[in-house]
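Please keep the sequence and the structure in view while reading.

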Amino acid sequence: MAKDSGGKRSAGTRLVTGGRSGDFSEHVVNPPVWRASTHLYRDCAALREGVKSNEDGSFFYGRRGAPTQWALAEALTDLEPGAEGTVLYPSGVAAIVAALMSVLRSGDVLLVADNAYDPTRNTAMGLLRQFGVEHRFFDPLNVPAYEQAFCERTKAVMLESPGSLTMEVCDVPALTRIARDKGAVSLFDNTWATSLGLAALEHGCDISITSLTKHIGGHSDLMMGAASAGERWYRRLRRTAQQLGHVVSPDDASLALRGLRTMGVRLERETASALRIAEWLGQRDEVAHVLCPMLPGAPGHELWARDFTGGCGLFSFVLKGSDDASRCRFIDALDLFGIGYSWGGFESLALPFDVDPVRSRMAWPKKGWGVEDKLGIRLSIGLEDVGELIADLEQAFAAMKQG
Ligand SMILES: *Cc1c(COP(=O)(O)O)cnc(C)c1O
């Protein structure tokens with residue numbers, strides 16, 4: 001059902017219309033919050049019939065969801081060209097871990113992009129190793145070295161672009177083509193762009209994973225994840241999630257669906273503000289490097305412009321020098337920007353980051369940079385007035401220099 005509306009209409013329109021095809025939508029704009037564990041059957045025959053279908057849209061038991069969760073999953077499928085279905089998870093990390101567990105078994109080797117989200121790295125080094133899966137980190141910008149990292153037992157590749165914190169853009173079609181040639185599954189963490197900004201499956205990925213906590217929720221008040229895939233991997237994802245007992249609450253699904261409807265305009269506005277701020281930072285004496293692939297001339301911009309159809313408010317920059325105390329003075333002096341983890345909400349955030357503990361293959365400071373310049377700051381630009389955000393950054397630079 002989802003495939004009918006996918007592709008025909010623009011992504012912006014599908015954000016609005018997605019997830020309303022089923023009878024279960026009850027013919028209202030927003031599906032009700034359908035709290036249900038037990039579904040009552042008419043008789044024994046209906047109970048036995050009910051067990052046969054394991055599909056969204058047919059009632060069985062609360063762990064397989066109810067109309068609110070089905071509507072959200074369908075809306076996400078509508079948005080992801082090439083997807084057969086979407087599985088929901090209690091967090092983005094749960095989605096990543098469950099997707100990896102769906103494609104890997106003991107004895108397999110997983111290749112992990114060195115700039116993947118830190119908890120993704122930890123899962124490879126921890127839980128997956130515990131279950132007999134080996135991993136190798138690779139530099140996603142070095143395609144020949146990546147190709148050489150494959151061995152006979154390599155069964156999956158975990159990609160993310162732009163990379164967490166450091167924002168490198170990799171050549172997704174090239175990396176996924178090599179994976180396919182080698183018989184490995186490509187999993188892609190698409191949290192930064194969402195399927196609105198990067199049609200991951202159309203760029204060769206087999207499984208597209210999103211933390212809905214970020215842009216889709218959009219209001220910093222829920223945690224959820226999703227994985228979308230074509231027929232073959234969707235079935236596997238679904239089975240694994242059911243065996244892991246993953247389920248999301250209908251209240252959160254309703255909030256996520258509400259967030260999804262306005263995601264397009266939020267991302268447009270956040271992208272425009274982020275570009276203005278990134279440009280402004282690029283002209284500041286205190287700033288060594290701006291890591292914002294949406295910005296013409298910035299690292300990764302060419303690949304970004306080739307593959308992505310949209311951006312968001314998340315990017316990083318690097319202060320000159322290596323004085324952590326001055327970085328803290330700068331961040332502490334910010335008034336409009338909150339200090340905190342996560343991103344993609346309507347409010348702006350700033351986060352100091354250090355790269356050494358979360359990379360093993362990619363150099364930091366990067367080649368050609370001054371060895372002193374390594375103090376990263378990540379900004380998540382929200383919906384505040386952009387002039388006021390810039391003024392806030394400006395006064396924080398002044399506070400930083402006062403010492
Ligand atoms: C936040 C994040 C996740 C994890 O999402 P949660 O919902 O917080 O578990 C995964 N990938 C990336 C790139 C993220 O930034």
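## An exposed valine

V265 is exposed, with a relative accessible area of 57%; exposed means over 50%, buried under 20%, and partly exposed in between (1.4 Å probe, protein chains only). V265 has its place in helix 11, residues 250–282. Helices (H or I, at least four residues) and strands (E, at least two) are DSSP runs, numbered from the N terminus. Between V265 and G12 there are 8.7 Å in space, C-alpha to C-alpha, and the two are 253 residues apart in sequence.

## Basis of the model

The model is predicted: local features need pLDDT of at least 70, side-chain atom pairs count only at pLDDT 80 or more, and totals for chains, interfaces and linings use all residues. Residues are numbered from 1 along each chain as its sequence is written, and side-chain values use heavy atoms, with hydrogens and water left out.

## The ligand and its surroundings

The ligand is surrounded by 15 residues, of which G92, D189, S211, T213 and K214 are the closest; a residue is counted if one of its heavy atoms lies within 4 Å. By class, this shell holds six nonpolar, six polar and three charged residues. Here Ala, Val, Leu, Ile, Met, Phe, Trp, Tyr, Cys and Pro count as nonpolar, Asp, Glu, Lys and Arg as charged, and the others, Gly among them, as polar. Helix 5 (residues 92–103) supplies the largest share of the shell, three residues.

Oxygen atoms of the ligand lie 2.8 Å from an N or O atom in the side chain of S211, 2.5 Å from one in the side chain of T213, and 3.0 Å from a polar side-chain atom of W343. Of the 380 Å² of accessible area that the ligand has on its own, the protein covers 92% (Shrake-Rupley method, 1.4 Å probe).

## Two buried polar side chains

S228 lies in strand 7, residues 225–229, and is buried at a relative accessible area of 5%. Its side chain makes a polar contact with the side chain of T86 at 2.8 Å. Such a contact is a pair of N or O atoms within 3.5 Å; within protein, one must be able to donate a hydrogen and the other to accept it, and residues adjacent in sequence count only if both atoms are side-chain atoms.

D114 is found in the loop between strand 2 (109–113) and helix 6 (118–130). D114 is also buried, at 0% relative accessibility, and its side chain reaches the backbone nitrogen of R361 at 2.5 Å.
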